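Have the viewer open while you read.

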There are 2 protein chains.
Amino acid sequence: MAARVRIKDVATLAGVSTATVSRALSTPEAVGIATREKVMEAVKATGYRINAAARDLRQRRARSILILAPNLSNTFFSRIFASAQEEASAEGLTVQISDSRNASSGFEALGYDGRADGIVLLDGGIDPEVVNGWRLPLIQLSEWNDAYDAPRVGIDNHAAAGMAVEHLVSLGHRSLLHVNGPDANVLAITRRAGFLEAAQAHGLTPEVFSGDFTLTSGAEAARRWAEMADRPTGVFCASDECALGFMSECIRLGFDVPGDVSVVGFDDIEFADRFVPSLTTIHQPRFQMGRAAVKRVVAMMQGHGDPGDPGEIGATERSVRIDATLVKRASTGPAPARP
Amino acid sequence: MAARVRIKDVATLAGVSTATVSRALSTPEAVGIATREKVMEAVKATGYRINAAARDLRQRRARSILILAPNLSNTFFSRIFASAQEEASAEGLTVQISDSRNASSGFEALGYDGRADGIVLLDGGIDPEVVNGWRLPLIQLSEWNDAYDAPRVGIDNHAAAGMAVEHLVSLGHRSLLHVNGPDANVLAITRRAGFLEAAQAHGLTPEVFSGDFTLTSGAEAARRWAEMADRPTGVFCASDECALGFMSECIRLGFDVPGDVSVVGFDDIEFADRFVPSLTTIHQPRFQMGRAAVKRVVAMMQGHGDPGDPGEIGATERSVRIDATLVKRASTGPAPARP
DNA sequence: AGTGCCTCTGCAATCGATTACATCTGATTC
DNA sequence: GAATCAGATGTAATCGATTGCAGAGGCACT
């Protein structure tokens with residue numbers, strides 16, 4: 001914080017009061033043209049930059065929203081960050097992106113201390129007591145937790161997993177495998193449930209391997225798959241990274257995709273389209289998700305008449321559903337004839 | 001900002017002054033044990049959370065560093081963000097990650113308005129006048145700009161490109177191609193120069209295609225390459241994404257990698273190891289880079305005795321060089337016999 | 001008892017902006 | 001010419017914490 005020039009310096013140089021400088025900058029139409037120009041000149045001459053802390057303190061708001069993600073190095077989030085920032089920027093807001101798994105858990109838990117007016121939460125694994133204690137407009141994006149008292153933005157993971165199953169079944173696959181995400185993860189749980197339900201609806205009794213969404217876990221699953229006596233021919237992975245890891249290991253082990261095994265991913269990250277073979281997957285419109293989440297949280301913030309009023313927090317019914325679609329590519333094909 | 005309970009409320013409940021509450025929280029050892037406990041109890045009972053704006057204003061610092069990247073959706077940055085945040089967190093600092101290309105360019109240009117005490121800049125393409133006008137401890141990470149008056153953290157891109165060339169040459173490749181990054185990008189320029197110099201040192205006159213680091217541009221380059229009469233057998237791409245795009249398109253066109261063409265990338269992103277064939281590339285220790293950058297900027301911040309003092313800004317000689325290494329994988333092999 | 005010192009606590013100024021209210025100027029209207 | 005009004009500007013309170021200074025109380029020593 002090196003703001004050595006204060007509004008008072010500008011005022012002195014321009015020969016007006018600090019009130020006038022403040023008005024010239026925030027509500028120019030409330031100031032005479034001649035004065036306004038004098039002020040602007042003084043601002044330039046001094047290199048004045050507003051002190052956000054002082055403004056935030058007085059106005060009791062920070063013009064900023066906090067985005068919390070469980071792991072910044074997960075590439076799935078990148079695009080969401082970009083679109084969220086873009087949308088926020090259009091609203092005149094700053095975003096702060098932080099890692100929810102990496103916060104000092106002390107007094108100022110999770111960096112939240114009034115520096116933000118709203119929160120977009122991408123992590124469903126935080127203690128509900130903490131989350132509900134924030135008392136800020138908050139929306140849950142992608143992941144969620146029923147114990148959080150906040151609306152959600154995201155796709156229908158259960159149904160999307162069902163789409164993957166339908167696709168595989170329609171290609172003739174009768175023996176299926178699901179490579180799951182982390183046990184405690186709500187996305188993993190939901191996708192797994194959707195997978196199992198759809199499979200059972202077709203009278204199938206599929207296999208499930210545990211994983212953690214990563215490339216490595218996908219590769220590991222592939223090795224395990226390769227050693228099975230009766231290898232499933234249709235595989236649904238809980239994430240694209242996992243699916244790409246799975247495919248890549250299959251290929252290295254000498255199998256053909258989709259000749260020997262069809263693979264479906266989840267997310268539709270950039271690489272999905274570029275891998276060889278390209279990956280059939282569930283497309284999540286991440287750009288749209290980021291935008292929608294910010295729009296929602298901004299709306300909630302505006303609902304706050306009194307800055308101390310929790311407003312429409314808890315309006316869970318105001319959730320936004322985003323449509324996911326199945327993108328058919330080269331990693332899935334007809335089931336091989338049973339030996 | 002919904003901090004409805006202020007330090008005064010805590011003070012009243014605990015039956016002490018606000019000064020005592022403040023001290024109990026920030027310098028507990030300066031307060032009697034009995035009092036301290038009373039205060040802590042009152043804090044819990046009221047759910048008090050400090051108001052960062054007020055604290056920042058009074059202390060004239062924000063306990064936060066700003067990380068500016070040219071494009072949040074570029075997955076190369078993800079890991080840097082994660083490590084930077086981790087390091088900052090260990091120092092008791094918050095990080096704010098922002099997109100430098102997406103800032104409202106008005107009065108509060110780039111979101112900088114005293115909310116941060118230091119900056120890690122990953123973008124070499126910002127107007128130097130703006131950057132030097134920030135008057136904050138600043139370090140340049142990965143990208144740089146000689147017009148910025150600030151130390152750098154990063155690898156030797158020129159030498160690294162040379163390593164790629166040496167590797168290809170040692171495999172017998174005599175006809176080389178470089179798929180470049182954006183024309184104005186300092187990384188692209190430097191890698192290109194390093195490539196050309198090393199090639200010329202071997203008496204070669206290589207080809208250069210322009211690109212922009214992306215998967216798509218790599219694929220495009222591959223199509224162009226495929227149509228050449230005399231196809232270069234050794235290709236060096238300015239980024240891994242580009243290299244993977246190039247390889248993927250080659251394979252789709254029916255070529256063999258590395259049978260028909262050897263490909264070297266740059267960065268060593270996660271997928272490099274998982275593609276088939278796995279990608280030979282220049283490893284940039286991104287984790288280490290993020291940490292180092294934060295460490296440096298924190299050191300500069302501490303050099304600030306007086307918060308209004310630019311301190312050791314301009315200490316360009318204090319740059320930190322990180323070692324890059326060539327990782328040999330399956331995408332490079334002996335040059336095919338000349339037809 | 002007096003003095004000095006140490007520990008703990010409170011008072012009140014302070015950080016730098018915003019903004020309710022008051023004041024002033026000049027124009028318009030009757 | 002007085003009354004009224006609108007627009008422009010200034011005065012001063014305010015946001016919520018931190019912290020220099022001083023006072024109170026306790027203890028030890030002379």
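What follows goes from the chain pairing to the DNA, then to a sheet, a helix and one serine.

This is a predicted model, so local features need pLDDT of at least 70 and side-chain atom pairs count only at pLDDT 80 or more, while totals for chains, interfaces and linings use all residues. Residues are numbered from 1 along each chain as its sequence is written, and chains are lettered from A and ligands numbered from 1 in the order in which they are written.

**How the two chains meet**

Let's begin with the protein pair. Chain B puts 59 residues in contact with 59 residues of chain A, where contact means C-beta atoms, placed from the backbone, within 7 Å. Helix 4 (52-59), helix 5 (75-90), strand 2 (94-99) and helix 10 (240-252) of chain B each give two or more residues to that side. Helices here are DSSP runs of H or I with at least four residues, strands are E runs of at least two, and both are numbered from the N terminus. Helix 5 of chain B supplies the largest share, eight residues.

How are the copies related?

**Around the DNA**

A residue is near a strand if its C-beta atom, placed from the backbone, lies within 6 Å of it.

| DNA strand | Residues around it | Closest residues | Largest share |
|---|---|---|---|
| D | 29 residues | Arg6(B), Ile7(B), Ala19(B), Ser22(B), Ala54(B) | helix 2 of chain B, six residues |

By class, the surface near DNA strand C has twelve nonpolar, ten polar and seven charged residues. For the class labels, Ala, Val, Leu, Ile, Met, Phe, Trp, Tyr, Cys and Pro are nonpolar, Asp, Glu, Lys and Arg are charged, and the others, Gly among them, are polar.

**Sheet and helix**

Chain A has an open sheet of six strands in the order 2-1-3-4-5-11, with parallel pairing; strands pair if DSSP finds at least two bridges between them. Strand 2 (94-99) and strand 11 (320-321) of chain A sit at the edges with a single partner strand each, so one side of each lacks a neighbour in the sheet. Strands 3 (118-121) and 4 (138-141) of chain A pair over three bridges, and Val120(A) has Ile139(A) as its bridge partner.

Over in chain B, helix 11 (286-303) has 18 residues and reaches 26 Å from its first C-alpha to its last, close to the 26 Å expected (1.5 Å times one less than its number of residues). Its buried residues include Met289(B), Ala293(B) and Val297(B); buried means 20 or more other C-beta atoms within 10 Å, exposed 12 or fewer, and partly exposed in between, with C-beta atoms placed from the backbone. Their cover includes strand 1 (64-69) and helix 5 of chain B.

**One serine at the interface**

Ser73(B) sits in the loop between strand 1 and helix 5 of chain B. Is Ser73(B) buried or exposed? With 21 C-beta neighbours inside 10 Å, Ser73(B) counts as buried. Leaving out residues up to four places away in sequence, Ser73(B) touches Ser78(A), Arg79(A) and Ala82(A).

Conventions. Contact = placed C-beta atoms within 7 Å.
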